[in-house]
Amino acid sequence: MCGELKETHIGRDVVLTGWVHRRRDHGGLIFIDLRDRTGLVQIVFNPETDLEAFQKAETVRSEYVLAVKGRVSARPEGTVNENLPTGRVEVYVSELEIVTAAKTPPFTVFDADKVDESVRLKYRYLDLRRPDLQEVLFLRHKTTMEIRKFLDRAGFWEIETPMLTKSTPEGAREYVVPSRIHAGEFYVLPQSPQLLKQILMVSGIDKYFQIVRCFRDEDLRADRQPEFTQLDMEMSFVDEGQVMSLIEGLMSHLFYELLDIPLKTPLPRMTYAEAMERFGTDRPDTRFGMELVDISDIAAKTDFKVFAGALSKGGQVKGINAKGCGGYSRKEIDELTAFVGNFGAKGLAWMIITDEGIKSPIGKFFTEEQKSEIIKIMEAEPGDLLLFVADKPKVTADSLSNLRLELARRLNLISGGQFNFVWVTDFPLVNYNEEEERWEANHHPFTSPKEEDLEFLEADPGSVRAKAYDLVLNGIEMGGGSIRIHRRNIQERVFKVLGYSPEEYHSKFGFLLEAFEYGTPPHGGIAFGLDRIVMLMAGKDSIRDCIAFPKTQSATCLMTDAPSKISEQQLRELGIQTVKKKAGK
């Protein structure tokens with residue numbers, strides 16, 4: 001193939017097929033960079049070698065598909081291209097077949113990264129000819145192959161679960177599929193195989209995995225798609241530590257085999273409470289410092305009413321130390337203030353540390369002793385900028401955790417090629433939804449509470465910790481899992497805390513509860529977004545760069561124009577009538 005030719009092939013006759021990447025006419029000679037998925041090679045048309053092939057080559061343009069026969073030769077001195085794997089050789093063509101011609105493409109493959117993404121997605125078949133995208137798809141292929149090899153050796157069985165299943169909402173909207181045969185009834189596309197993989201454990205399968213398509217009808221972000229591929233796993237007779245140990249082995253295998261990067265295991269671990277205290281998020285990016293510091297105790301003694309007011313309402317006062325940013329202008333600080341406003345913060349207090357002490361509009365509200373305490377607790381030095389948010393704990397955490405990342409970007413604190421893993425454990429089992437005035441599952445309703453917290457399940461649900469664990473890489477959640485509930489009475493208690501009536505949970509999950517009556521082993525598992533794993537390993541910013549045919553942020557396919565309307569006959573067969581939404585609704 002094109003990218004495989006080397007100096008050892010010099011003198012050999014070869015047959016190549018591929019696309020015209022670039023064409024250069026140098027008068028007496030025509031040079032074409034021929035491209036296939038393995039790379040590029042320069043082919044040369046010389047009228048003295050074959051006049052007919054040369055004349056055909058004069059008509060060739062970008063993205064034509066060619067088949068050529070020729071002899072591999074060493075490039076003349078001074079024309080070697082050390083940046084190209086095949087840069088020491090070229091092929092003098094003796095026969096040329098123009099397999100197919102091509103229209104002038106809307107963009108060139110070698111400049112596609114400069115083209116608007118919507119254009120690239122519309123012509124995805126051209127976009128996918130880019131070598132960098134093909135490299136990512138090859139990495140994705142190798143990743144799935146290595147996952148299968150590792151899990152097979154670990155005794156796992158790959159078992160498929162149905163795509164058409166029953167509606168059991170787990171937090172996100174579902175894609176609904178009408179049944180033509182059962183009029184008025186519907187399937188849904190699975191958000192995950194969660195319940196079915198638990199049923200497999202009840203069935204005695206013991207170790208299951210699946211590389212599976214999943215679907216969620218929710219708003220999109222750079223790292224989300226309406227349909228995505230998940231590495232799904234479940235094991236019987238395991239605890240949290242055993243699951244995490246297995247996953248550390250899998251990640252070590254992938255990173256060493258695919259990136260030649262050895263991981264030091266066991267990977268770092270921190271509880272949810274520690275992550276929120278230090279980083280303000282359960283997805284901490286540990287590649288840099290600038291951790292959150294709680295100064296609530298100091299703030300409570302000051303005369304600054306903004307801090308006092310927040311604390312009196314059960315809030316917090318926390319800050320971060322932007323090292324070396326003491327020279328920021330008022331305009332730059334105002335930009336940071338506006339930034340944290342996007343996350344609910346009502347303001348951003350600041351202090352600049354100088355050789356003379358603290359320079360700040362709020363400095364007058366602090367005694368010298370209090371200023372010294374702040375400098376000490378925040379490890380501040382002359383030239384540093386201290387930034388504070390006083391608000392409800394959630395607002396404070398959201399504002400400062402995002403400000404921390406924004407400052408890291410501005411200050412170039414994150415170097416490429418770093419892979420900082422951390423396990424986050426001991427999540428709250430449930431969170432309180434203030435708008436709906438009810439408890440919601442933090443992960444899903446099937447996560448097991450810690451035994452020592454079970455006594456508080458009904459009286460104080462918010463204090464109950466879950467046997468849950470997330471693996472975070474560079475501030476992005478790679479995957480999450482938990483030990484599951486395997487006793488019917490505990491599962492029913494959790495359903496009741498979440499506000500399900502017995503009728504509701506029997507209707508939605510009765511088959512699972514009934515299965516629990518027939519001997520259920522303790523079990524747990526985890527799921528990873530394969531798209532996200534590849535994105536992180538490839539160093540990409542969006543999973544759209546790691547999927548062959550991704551959807552846009554509005555969940556559309558620009559190439560196929562999906563979703564689209566179906567015919568009236570199809571609607572009648574399905575017993576469906578469409579209703580136009582009124583403007584503004």
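Terms first: my helices (H or I, at least four residues) and strands (E, at least two) are DSSP runs, numbered from the N terminus. The model is predicted, so I asked for pLDDT of at least 70 for local features and 80 or more for side-chain atom pairs, while totals for chains, interfaces and linings use all residues. Residues are numbered from 1 along each chain as its sequence is written, and side-chain values use heavy atoms, with hydrogens and water left out.

**Entry 1: the whole chain**

I counted 16 helices and 22 strands. The C-alpha atoms fill a box of roughly 90 × 75 × 55 Å along the principal axes. For burial I use relative accessible area: under 20% is buried, over 50% is exposed, and partly exposed is in between (1.4 Å probe, protein chains only). On that scale, 47% of the 585 residues are buried. A contact means heavy atoms within 4.5 Å. I took the contacts between residues at least 6 apart in sequence, and 67% of them join residues at least 24 apart. Accessible areas are Shrake-Rupley values with a 1.4 Å probe, and for residues only the protein chains shown count as cover. The chain total is about 30,000 Å², with 50% of it on carbon and sulfur atoms.

**Entry 2: helix H4 and what covers it**

For its 23 residues that gives 33 Å, and the end C-alpha atoms are 33 Å apart, so the two agree. An α-helix has 3.6 residues a turn, so residues three or four places apart point the same way. With that in mind I listed the buried residues of H4, among them Leu-133, Val-136, Leu-139, Arg-140, Thr-143, Ile-147 and Leu-151. Their cover includes helices H3 (124–127), H6 (240–259) and H15, plus strands E9 (207–215) and E10 (227–236). Just past the end of H4, Gly-155 has a positive phi of about 90°.

Thr-229 is in strand E10 and is buried, because its relative accessible area is 6%. Its side chain makes a 3.1 Å polar contact with the side chain of Arg-140. (By polar contact I mean a pair of N or O atoms within 3.5 Å; within protein, one must be able to donate a hydrogen and the other to accept it, and residues adjacent in sequence count only if both atoms are side-chain atoms.) Arg-140 is on my list of buried H4 residues.

How many of the nine residues of H15 are buried? Eight are, so I wrote the helix down as mostly covered. The buried ones include Asp-531 and Arg-532 as well as Leu-530, Ile-533 and Val-534. Just after H15, Gly-539 takes a positive phi of about 75°.

The loop from H15 (530–538) to H16 (568–574) holds Met-559, and Pro-563 is in the H15–H16 loop too. The Ala-562 to Pro-563 peptide bond is cis, with omega near 0°. Met-559 is partly exposed at 30% relative accessible area.

I found another cis peptide bond between Thr-265 and Pro-266, with omega about 0°. Pro-266 is in the loop between H6 and strand E11 (269–271).

Glu-63 has phi near 75° and lies between helix H1 (51–57) and strand E4 (65–74). Is Glu-63 buried or exposed? At 5% relative accessibility, Glu-63 counts as buried. Asp-426 has a positive phi of about 55°, in the loop from strand E17 (421–425) to strand E18 (430–433).

**Entry 3: Thr-281**

Thr-281 is in the loop between helix H7 (272–279) and strand E12 (293–294). Thr-281 is buried because its relative accessibility is 16%. A polar atom of its side chain lies 3.0 Å from the backbone nitrogen of Arg-283. Beyond neighbours within four places in sequence, Thr-281 contacts Ala-275, Met-276 and Ser-401.

Note on methods: The expected span of a helix is 1.5 Å times one less than its number of residues.
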